[in-house]
Amino acid sequence: MLGRMRILGLILGLFFAACAQESVENELDFREFSQDEKITLQSVNGGEKTLIRTEKGFIVEGEEGKILMFDFFGTFCQPCKDEAFELTKLWQNNAQNFTIIGLDHFEEVSDEVVVKFAKDHNAFYFLSNSKENGRIIAQILRDIAYPSMEQLPFKVVLKNGTYQNLSDFWNKNQRVKFYLGKVPTALIQKDLDAIMEVEDAQK
């Protein structure tokens, strides 16, 4: 029994080491986005979106006024599976002012695998399986000065190309530029409402 546990521990250790190594390799291969550079992504659920690099972030062409959330996920990730349907409802309930782009990360899988993830877990928002996902994620992490992202899911929220301060679910009363791990969609909705209230007040 002890021997089996040691083997399992070794396998898990190698898995997490591989994730960390991938993060390092992505940094080594990273090519900075230039301002106004465009990149078009296809969704496995159908449709496409074109990202435009702003001075400090990204917007979606044709949806410049919407709040934009990037969700880094993996088809192997249990918390990502658990929250997928809630994210779908969040997007549907706020579709007029809000869009989600899911970026598959830490794996190389076929579009069919991501489609199966979407169908099995009711993830019907925009899901990209592009080879450019890694570059976009590396740029986002650099933008928010996040040293090393090795846990999924991970989310950032932008408005008008600027990263927003968000509620830290794990450290109450703190504000951060990201959601780490599975967080309640009620918390995300509260932050979205606050962002929209600020915009309304500025009009």
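1. Cys77 and Cys80 form a disulfide in this predicted model, with their sulfur atoms 2.4 Å apart, where a disulfide is taken as a pair of cysteine sulfur atoms within 2.5 Å. In general terms, such a link is a covalent bond between the sulfur atoms of two cysteines. A search of the whole structure finds one disulfide, and the link of Cys77 and Cys80 is right-handed, with 80° about the S-S bond. Cys77 is buried, at a relative accessible area of 4%, and Cys80 likewise counts as buried, at 2%; here buried means under 20% relative accessible area, exposed means over 50%, and partly exposed is in between, with a 1.4 Å probe and protein chains only.

2. Some notes on how to read the values belong here. The model is predicted, so that local features need pLDDT of at least 70 and side-chain atom pairs count only at pLDDT 80 or more, while totals for chains, interfaces and linings use all residues. Residues are numbered from 1 along each chain as its sequence is written, and side-chain values use heavy atoms, with hydrogens and water left out.

3. The secondary structure of the chain comes to five helices and eleven strands, which are DSSP runs numbered from the N terminus (helices are H or I with at least four residues, strands are E with at least two). Of the 203 residues in the chain, 47% are buried. Among contacts with a separation of 6 or more, 68% are between residues 24 or more positions apart, a contact being heavy atoms within 4.5 Å.

4. What does helix H4 (residues 133-143) look like in terms of burial? Nine of its eleven residues are buried, so H4 is largely enclosed by the rest of the structure. The buried residues of H4 include Asn133, Arg135 and Gln139, as well as Ile136, Ile137 and Ile140. Just after H4, Ala145 takes a positive phi of about 55°.

5. Thr99 is in strand E5 (residues 98-104) and counts as buried, at 4% relative accessibility; leaving aside neighbours within four places in sequence, Thr99 is in contact with Lys49, Glu63, Lys66, Ile67, Leu68, Met69 and Trp91. Thr50 lies in strand E2 (residues 48-53) and is buried, with a relative accessible area of 13%. Not counting residues up to four places away in sequence, Thr50 touches Lys38, Ile39, Thr40, Ile59, Val60 and Glu61. Thr50 and Lys38 are twelve residues apart in sequence, and their C-alpha atoms are 6.4 Å apart in space.

6. How many cavities of 30 Å³ or more does a search of the whole structure find? The search finds one, and the volume of the largest cavity is about 30 Å³. On a 1 Å grid over the protein atoms alone, a cavity is a set of points where a 1.4 Å probe fits but cannot get out, and lining residues have an atom within 4 Å of a point. Strand E3 (58-60) and strand E7 (154-159) each supply at least two residues of the lining, and E3 gives the most, with three residues. Phe58, Ile59 and Val60 are among the lining residues, as are Glu63, Glu64, Lys66 and Lys159. By class, the lining has five nonpolar, two polar and four charged residues, where Asp, Glu, Lys and Arg count as charged, Ala, Val, Leu, Ile, Met, Phe, Trp, Tyr, Cys and Pro as nonpolar, and the others, Gly among them, as polar.

Note on methods:
1 Å grid on protein atoms, 1.4 Å probe; cavity = no way out; pocket = protein on both sides within 12 Å on 5 of 7 lines; lining within 4 Å. Points joined across faces, edges and corners; volume = space filled by probe spheres on them.
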